[in-house]
Amino acid sequence: MSLHPQVKWAQRPDVVYLTVLLPDAKDPKVNLDPEGIFTFSATAGAGDRHYELKLELQDKVNVEESKISIGVRSIVCVLQKAEPKWWNKLLRGDAKAPHYVKVDWDKWVDEDDEADAGPGDMDMNSMDFSKFGDMGGMMGGMGGDMAGMMGGMGGDMGDDLDDSDDEEQEVTKPSAKADEKVDEEPKGEGSKVADEAK
């Protein structure tokens, strides 16, 4: 039985960002159909467990202009929309998105805020996506070409992505007393060392 990798997504009027979170993926195969069908398969983890994914996207995409980057911890896809417009959700149909599809809040921009947003926090110039369009949208069986792609990207794209969930981290504001103690000058040996350094 195959498993589903976690997927994060975000959008701009002209593109959809899909990040498949699967560390140390082996033999990844990605296929993007102009009708908006995105498929992915790979093996990963102990025992080379099989992962696969099929997403029927909200609308059509431009395969030739879409890009992909395979990193150590994730596969990042920038899918060019066929028509520049905001999608009201990632997947077509009325069903709720599967539990393994989440919003990528690091890349998310609301439609109202789009004018203030830049092109996102991804450096597209450092990514080698030429293989995506070379096969008419098919990117299966990359095998030996993967080393060449990784070399062109510097091989560290995945290291820049953080897959931790911010919702689980609780941040508390320091108390006013803690702030006062930081402003006080140290006493004892620490002050003497500081004075000798002058």
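This is a predicted model: local features need pLDDT of at least 70, side-chain atom pairs count only at pLDDT 80 or more; totals for chains, interfaces and linings use all residues.
Two strands count as paired here if DSSP finds at least two bridges between them.

**Entry: the bridges of β7.** I started from Thr19 and looked up its partner: in β7, Thr19 bridges to Val76. Then I checked the strands themselves. Strand β2 (residues 15–21) runs antiparallel to β7, with seven bridges between them. On to β6, residues 61–70: this strand also pairs with β7 in the antiparallel sense, over six bridges. One of the contacts I picked out by name is Ile68, whose bridge partner in β7 is Cys77.

**Entry: is β7 buried or exposed?** I went through residues 74–81. Seven of the eight residues of β7 are buried, so the strand is largely enclosed by the rest of the structure. The cut-off I used for buried is under 20% relative accessible area.

**Entry: the whole chain.** I counted four helices and nine strands. Reading along the sequence, I get β-β-β-β-β-β-β-β-α-β-α-α-α. Of the 198 residues in the protein, 34% are buried.

**Entry: contact range.** I took contacts between residues at least 6 apart in sequence, and 65% of them join residues at least 24 apart.

Note on methods. Residues are numbered from 1 along each chain as its sequence is written. Side-chain values use heavy atoms; hydrogens and water are left out. Helices (H or I, at least four residues) and strands (E, at least two) are DSSP runs, numbered from the N terminus. Buried means under 20% relative accessible area, exposed over 50%, partly exposed in between (1.4 Å probe, protein chains only). Contact means heavy atoms within 4.5 Å.
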